Amino acid sequence: MPTEESKPVEPIVDKGKQVDEGGSGSEEEDDGANIGGTSLGAPSDTKKKKKKSSKRKKIKQLLTAKSEQEQHDETVKKAINDLSPEQIKELASLNPGLMQELAETTGNADPTAEQVAAMLKHMDLASIMTGLAASGKNAKDMGAYKFWQTQPVPKFGEDAKKLVEGPLKIQTVEEIDTNPQPLVAGFEWVSVDLTDDDEMKEVYELLNGHYVEDDEALFRFNYTPEVLRWAMMPPGWESKYHIGVRASQSRKLVAFISAIPVKIRVRSKSFLSSEVNFLCVHKKLRGKRLAPVLIKEVTRISNLNGIWQGLYTAGIVLPRPVSTCRYFHRAINWPKLHECGFSPLPAGSKPQFQIRKYALPDATATRGLRPMEDGDVDAVLKLLTRYLAKFDIAPEMTAEEARHWFLPEKGGRQCIWSYVVEDNDKKITDFFSFFCVESSIIKNNSVLRVAYLFYYATETGLGESVDRAALKTRLNALINDALVLAKKAKMEVFNALTLMDNGLFLEQQKFGAGDGQLHFYLFNYRANPIRGGVDKHNQLDEDHLSGVGLVMP
């Protein structure tokens, strides 16, 4: 249900850089898209990289500007004609699948700009832009895009008019293969037992060595076993959804994908779905087309369980996002972020100015704020359920699920922090949470602690007539306290997306806009577009807040 080769959904972290501070994120290093997971920013400060980025930007502008003016093939052809030979070759270099197809067709291992242009003129804009949706080595190639044309996912162009929402393909369990698709010789399917410390260590090592790394090889995710168990073992989890591929002789784990059951609501319709995450293929096996096989296998297992829809996220454009949000970052420990290369010093500024800019109080300010306890689960769930009802897409949790997602396990390293506000009558009026995924700083083997905003809810945002100004004031107070608590938990940066009501506090709390996006996808389900909290220019849109009430860890 995710995409081609190996990448993480996103959850939630930046797939790009922070615009005002040079941070750049990454997708997984594979010829497929990011499915699940989170990502971290890193600088892109060399002239060569800036020049290359500028070329890509101009190519995108030329193509998209034309397409917005006229929606037909002649526009694409004219846009291609406006590209210089150098830009055409740059475009081709971003699409390995296109270059391979051209080489086979022309018999020329290095196709000319004219040959590339001729092929582009016979392609639709959606296919061209699929390859440009990401940049650099993580760009989605057109060969991988073809996989999604065979799957029950919405097509580009369908959102031109209002659609009837619902499943795209109806099947019965009896129609589903009972055996997995055979793998190439030397490899075999396995179910990974995450309750076994040795097998968990194998997943940990595979992800930490081959999952997400930024373009400049400065940062790499450092998922702890506690975070992995929290993300992949909620109520209802089954080991058959923890799918691995082993080398037959060495028994080494070389690929992995996971899914968990989630009940989601899309507008007025609710259904059980598989939330797919942690798709990862060993770097030495990239290009063997293992990712599509993994996707088909997790789909097969879900179908045998009577689950026909899938939920996943990616940092690149695939057919077809139901919503797109933008990443924002808030520095907490600016000196460390600057030292490790995450946050370059802005032109004309001084280190002391940045330290002063991101300074936080020593204590929280909200009266009645305290850590969430087990006895709060029912009240928090009731409040959160009412709050999420405002959004077009959101989960429907049970008390058992809420306990898992919001309360830390006893013992081990803490990965989730949750807080409630209690009034004088002992009623819970507010709630917020954040989780942590560490990233290794490759150059010095140290660790960067990154907090991600999770779910929140407040009574101020409920009722028939919500006072927008009051909601904005309340959310800014709560998130400022969240930042203070994240600092106390030794977090160095705090990340959030433009989903939920985040547009009311991101700029006020000094979150910097990232250049990365997170696209939300539904497998085997057609839904009309849902607002992502940004306008058509990818700018924060406070007047039209997001319709996304779904946060993936």
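A crossover counts as right-handed if, with the strands pointing away from the viewer, the path from the first strand over the helix to the second runs clockwise. Helices (H or I, at least four residues) and strands (E, at least two) are DSSP runs numbered from the N terminus.

**View 1. A right-handed β-α-β unit made by β5, α10 and β6.** Welcome to a predicted model, in which local features need pLDDT of at least 70, side-chain atom pairs count only at pLDDT 80 or more, and totals for chains, interfaces and linings use all residues. Residues are numbered from 1 along each chain as its sequence is written, and side-chain values use heavy atoms, leaving out hydrogens and water. Helix α10 covers residues 290–304. Strands β5 (residues 269–281) and β6 run parallel, joined by three bridges; pairing requires at least two bridges found by DSSP. Look for E275, which stands opposite L311 in β6.

**View 2. Strand β6 (residues 309–314), largely enclosed by the rest of the structure.** Six of its six residues are buried, meaning under 20% relative accessible area (1.4 Å probe, protein chains only). In a regular strand, side chains alternate between the two faces of the sheet. Here Q309, L311 and T313 are buried on one side, and G310, Y312 and A314 are buried on the other.

**View 3. E438 in strand β11 (residues 428–441).** E438 is buried, at 8% relative accessible area. Its side chain makes polar contacts (here, N or O atoms within 3.5 Å, one able to donate a hydrogen and the other to accept it) with the side chains of R413 at 2.6 Å and R449 at 3.1 Å. Leaving aside residues up to four places away in sequence, E438 also touches others (heavy atoms within 4.5 Å), including F221, Y223 and V447.

Note on methods
Buried < 20%, exposed > 50% of the residue type's maximum accessible area, 1.4 Å probe, protein only.
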